[in-house]
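Subject: Structure handover

Hello,

Please find the structure below. My notes follow it.

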Amino acid sequence: RKDGGNGTYYIGGIVGNGGKITKSSNNGKIFNDLDRQYSYLYIGGIAGMSNEVTKSYNKGELHLNTTDNCDSYISGITCSYGSAVITDCYNSADIYNFQEGENMCNANVNGIGRGNINRCYNTGDIYNTADCNSYVTVYVNGIGYSCTIKNSYNTGDILNIATSNGAGINTYLQSAGQQKTLAIMGRRVYNTFANKNRGACEAG
C-alpha cells in the first residue's frame, strides 16, 4: 500500500518496467492498494511496462484499488504504450479494478494490453468499478486499447460500473478491442453508469 504524494509506479508479475520479454509466465496473484493522488500506476500480469512481449501468459489474478485523481492502467499481459508489440500471449486470470474518491476517476483496463496485438486471447473476466464525485473516464477492453488487433479473441465477461456526482461519465467498452482486424468478439458485456445529478441509466 502507498499513501501520500504523487508519482509513477510499475508493477508486474515478471518485471515492473522492462524491455523485451519472451517465454515467460506468471501464476501468482498481484494486489495493489494505492492512495496517492495525481499518480500514474501501471500493473501487468507479465510487465507493468514493456515494449515487446512474446510467447508469454498470465494466470494470476490482478487486483487494483486506487483513489481519485490517479490514472490507473491494468492489463493481463502489459500496460505498454501504443507502439508496443504483444504476440502469442494469453491471459486466463480475472482482473479487478476499483477506484473511488472525491474528484476525477481515470482507468484503462485490458485483458491483454496496449499495442500491436497478434495471436493473443483472453478468457478472464474483467470487473471495473469507478465511484467519484467529479468526472469519470474508463476504458475497458477484452483484448486491448488504442492498438491494432489481429487473430485474437476474448471469451471473458466484462462488467463496468461507473458512478459520478458531478460533471459526467465517459465509459468505453469493447469485447475484443477498439481497432479489430480478424478479432473474434467475446461473450457478455455489461455497462452500468449513473450520474447522480442527472438520474441513472443502464446499457447492456
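Which residues touch the most other members in the largest nonpolar core? They are Ile77, Ile86, Ile112 and Ile117, in a core of 13 residues. A nonpolar core here is a set of buried Ala, Val, Leu, Ile, Met, Phe, Trp, Tyr and Cys residues joined through side-chain atoms within 4.5 Å. Buried means under 20% relative accessible area, exposed over 50%, partly exposed in between (1.4 Å probe, protein chains only).

This is a predicted model: local features need pLDDT of at least 70, side-chain atom pairs count only at pLDDT 80 or more, and totals for chains, interfaces and linings use all residues. Residues are numbered from 1 along each chain as its sequence is written, and side-chain values use heavy atoms, with hydrogens and water left out.

Beyond residues up to four places away in sequence, Ile117 touches Ile86, Ile112 and Ile143, among others. A second, separate core has 12 residues, including Ile30, Leu62, Ile74 and Val109.

Next, charges. The whole structure holds 1 salt bridge (a side-chain nitrogen of Lys or Arg within 4 Å of a carboxyl oxygen of Asp or Glu). Asp88 and Arg119 form it, at 2.7 Å, N to O. Asp88 is partly exposed at 29% relative accessibility. Arg119 is also partly exposed, at 43%.

Last, confidence. Over residues 177–204 the pLDDT is below 50. Where pLDDT is low, the predicted coordinates should not be read in detail.

Best wishes

Conventions: Contact = heavy atoms within 4.5 Å. pLDDT = per-residue confidence, 0-100.
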